[in-house]
Amino acid sequence: MNASGNGNAPRGDNWIDAIAGRLSPTGENSFRDALRQFADQPEWCGDAGLRSKITEQLRTLTNADTSTLADCIPTSSRDQALEHALIAARRHHQSLHDSDDAAGDNASSSKCLCLVGSDHGRSVLARMASGKPTLRGNEWPLLPGFVHASADRFVDRIDSSTAVALVSPVDFSGVGEPLTADWWARCRQRCDETGTQLIIDHGDTPAAGNGYLFAHEMVAGISADAVILSAGLVGELPGGLLVLSESLASHLDESAQSSDLVGHLVSAALSTLIETDALATESDAFAIALAERIATRGCVRDLHACRHTVILELDVESQAWIEQSAAEQLHAHVCSDHSVLFQPPLLMTSEHQEALIDRIDAVLAGLEGTQELTEAAAPEAAAPAATDSDATDLDAETEPADEVHTDDLPIDSSLDADIDEAASAEDSDEELDDYEDDDDEAIEEDELDDMADEELAEEEETDDEVIGGDEDEEHETEQEETELESNELDEFESNEETEKL
């Protein structure tokens with residue numbers, strides 16, 4: 001459980017490695033002697049019987065027959081094991097056709113179906129197979145033939161054109177929830193119906209325990225056409241192991257290179273598992289004890305367990321976990337933005353298990369304390385500044401000024417006199433202003449009335465002038481007519497007198 005080194009190093013004597021199961025399945029250093037023996041051999045000419053030895057060891061641990069476990073290839077990296085598996089599966093898919101021409105036409109349509117969120121390595125081929133877009137940048141070429149689907153649609157996407165169904169025991173696309181037994185059974189049945197090869201990547205999953213080496217066999221009791229192993233078998237060094245069934249072993253020729261160094265490391269780890277009978281260990285004990293301890297922690301949403309592989313779904317971001325776990329000197333693996341992973345070795349003493357659980361609980365307690373402080377500071381930071389309307393409302397709710405109790409205040413008679421005098425002056429000014437305002441208003445009203453009377457008088461005079469003018473004109477006309485008649489009569493009489501003469 002304790003990593004080697006000094007206390008000042010990232011993994012010193014005071015640190016606890018919560019994923020030590022990836023280093024060694026039993027927690028013991030079984031690789032020291034293997035590395036020494038490999039380095040001390042007089043000639044490096046290859047070990048012809050190493051693959052057969054590893055195959056027999058695996059059959060002992062899994063109780064598998066030759067059809068299920070036909071051959072094993074130790075590879076220099078986990079990515080190389082994946083490449084060999086994909087080559088064998090595509091060749092098998094092409095061999096299902098009757099003629100070479102048909103196989104050639106189908107080669108372009110042979111698909112490799114992968115899970116969304118999966119991580120299968122860092123080579124170009126592994127990045128294309130991985131279901132994480134962050135692993136594929138613009139600088140990486142897109143290789144044809146890889147398609148991805150979520151776990152709930154994965155089985156339905158398998159058809160006759162699918163050469164490979166590549167999955168991992170734990171779906172890391174969300175919070176690291178393991179695949180269910182029903183899902184495994186449906187996937188295996190669909191692959192058998194379509195002739196698809198089921199390849200399971202155990203690169204990040206160490207030995208399962210409870211009598212099983214493989215998680216898929218423990219959960220659903222199914223077999224795989226190929227299994228990729230790495231975690232716990234090579235001491236976290238580069239390397240992998242490809243386990244092939246009889247259907248795929250015949251499709252790999254001598255071009256499939258193997259690594260003797262990795263083979264010696266894997267053989268040493270398998271020997272330790274057999275000698276200690278580590279697979280028979282009850283691996284649920286750690287998950288149960290951890291669940292009981294952290295049951296009251298509010299920052300934990302859920303706990304997902306696949307025997308010794310335990311995933312905590314958190315209510316805080318993983319970055320907060322990283323910072324707090326560093327303060328508690330605990331090393332764990334971050335699965336996603338809100339989940340972390342623990343993979344302790346199968347063989348742990350009660351003291352080591354208790355120390356690990358104590359350290360995990362201390363990290364969660366620190367996260368809760370930080371979360372409470374953040375929530376307490378949030379209302380103060382979010383409180384808006386007081387506005388004018390708020391101040392008005394506040395003044396309305398307070399006691400009026402004339403009702404303020406001043407019994408306890410010191411009395412100053414001169415100050416009171418000044419205040420009374422100022423108040424009287426203000427009252428006088430106010431009365432004078434009111435009087436002047438009233439006078440102004442009265443004057444304005446009188447002026448308006450006089451103006452109205454003048455206008456009315458002018459209108460009456462105008463009417464009288466108009467009427468008088470008409471009467472004068474009529475009178476003058478009558479006078480003119482009378483005078484004319486008189487003149488005419490006089491003239492007529494004058495004419496008569498003249499005729500008489």
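Asp284 is partly exposed, with a relative accessible area of 21%; this class falls between buried (under 20% relative accessible area) and exposed (over 50%), judged with a 1.4 Å probe and protein chains only. The model is predicted: local features need pLDDT of at least 70, side-chain atom pairs count only at pLDDT 80 or more, and totals for chains, interfaces and linings use all residues. Residues are numbered from 1 along each chain as its sequence is written, and side-chain values use heavy atoms, with hydrogens and water left out.

The side chain of Asp284 meets that of Arg307 in a salt bridge of 3.4 Å, N to O. Asp284 lies in helix α11 (residues 284-293) and Arg307 in the loop between β11 (300-306) and β12 (309-314), so the pair ties together parts 23 residues apart in sequence. Arg307 is also partly exposed, at a relative accessible area of 25%. A salt bridge here is a side-chain nitrogen of Lys or Arg within 4 Å of a carboxyl oxygen of Asp or Glu. Helices (H or I, at least four residues) and strands (E, at least two) are DSSP runs, numbered from the N terminus.

A search of the whole structure finds 17 salt bridges. Side chains of opposite charge can pair when their charged atoms come close. Asp361 is buried, with a relative accessible area of 13%. Arg297 counts as partly exposed, at 22% relative accessibility. Elsewhere, salt bridges with shared partners join Arg78, Asp201 and Asp204 into one network.

A local pair is found in helix α1 (residues 32-40), where Asp33 and Arg36 lie three residues apart, about one turn of the helix. Their side chains meet in a salt bridge of 3.0 Å, N to O. An α-helix has 3.6 residues a turn, so residues three or four places apart point the same way. Asp33 is partly exposed, with a relative accessible area of 47%. Arg36 is partly exposed as well, at 43%.

Leaving out residues up to four places away in sequence, Asp119 touches Arg78, Ser130, Lys132, Leu135, Asp201 and Asp204; contact means heavy atoms within 4.5 Å. A polar atom of the Asp119 side chain lies 3.3 Å from the backbone nitrogen of Gly121. The interior comes next. In soluble globular proteins, nonpolar side chains tend to be buried together. Of the 46 residues in the largest nonpolar core, Leu58, Phe154 and Trp183 touch the most other members. The largest share of this core, seven residues, comes from helix α10 (residues 260-276). A nonpolar core is a set of buried Ala, Val, Leu, Ile, Met, Phe, Trp, Tyr and Cys residues joined through side-chain atoms within 4.5 Å. Not counting residues up to four places away in sequence, Phe154 touches Leu113, Cys114, Leu115, Ala149, Ala165, Leu166, Val167, Trp183 and Cys187.

Helix α10 has buried residues including Val262, Leu265, Val266, Ala269, Leu270 and Leu273. Also buried in α10 are, among them, Gly263, His264, Ser267 and Thr272. Their cover includes α1, α2 (50-62), β2 (71-75) and β10 (240-244). At 1.5 Å a residue, the 17 residues of α10 should span 24 Å, and the end C-alpha atoms are 24 Å apart, which agrees. The expected span is 1.5 Å times one less than the number of residues. At the start of α10, a side-chain oxygen of Ser259 reaches to within 3.4 Å of the backbone nitrogen of Val262. Just after α10, Asp277 takes a positive phi of about 55°.

Leu96 lies in the loop between α3 (78-95) and α4 (100-107). Leu96 is partly exposed, with a relative accessible area of 48%. In sequence, Leu96 and Gly195 are 99 residues apart; in space, they are 8.3 Å apart, C-alpha to C-alpha.

Overall, the protein chain holds 15 helices and 15 strands. Of its 501 residues, 39% count as buried. Among contacts between residues at least 6 apart in sequence, 70% join residues at least 24 apart. The accessible surface of the chain comes to about 28200 Å², of which 48% belongs to carbon and sulfur atoms. Accessible areas come from the Shrake-Rupley method with a 1.4 Å probe; for residues, only the protein chains shown count as cover.

Key. Polar contact = N/O pair within 3.5 Å; in protein donor to acceptor, adjacent residues only side chain to side chain.
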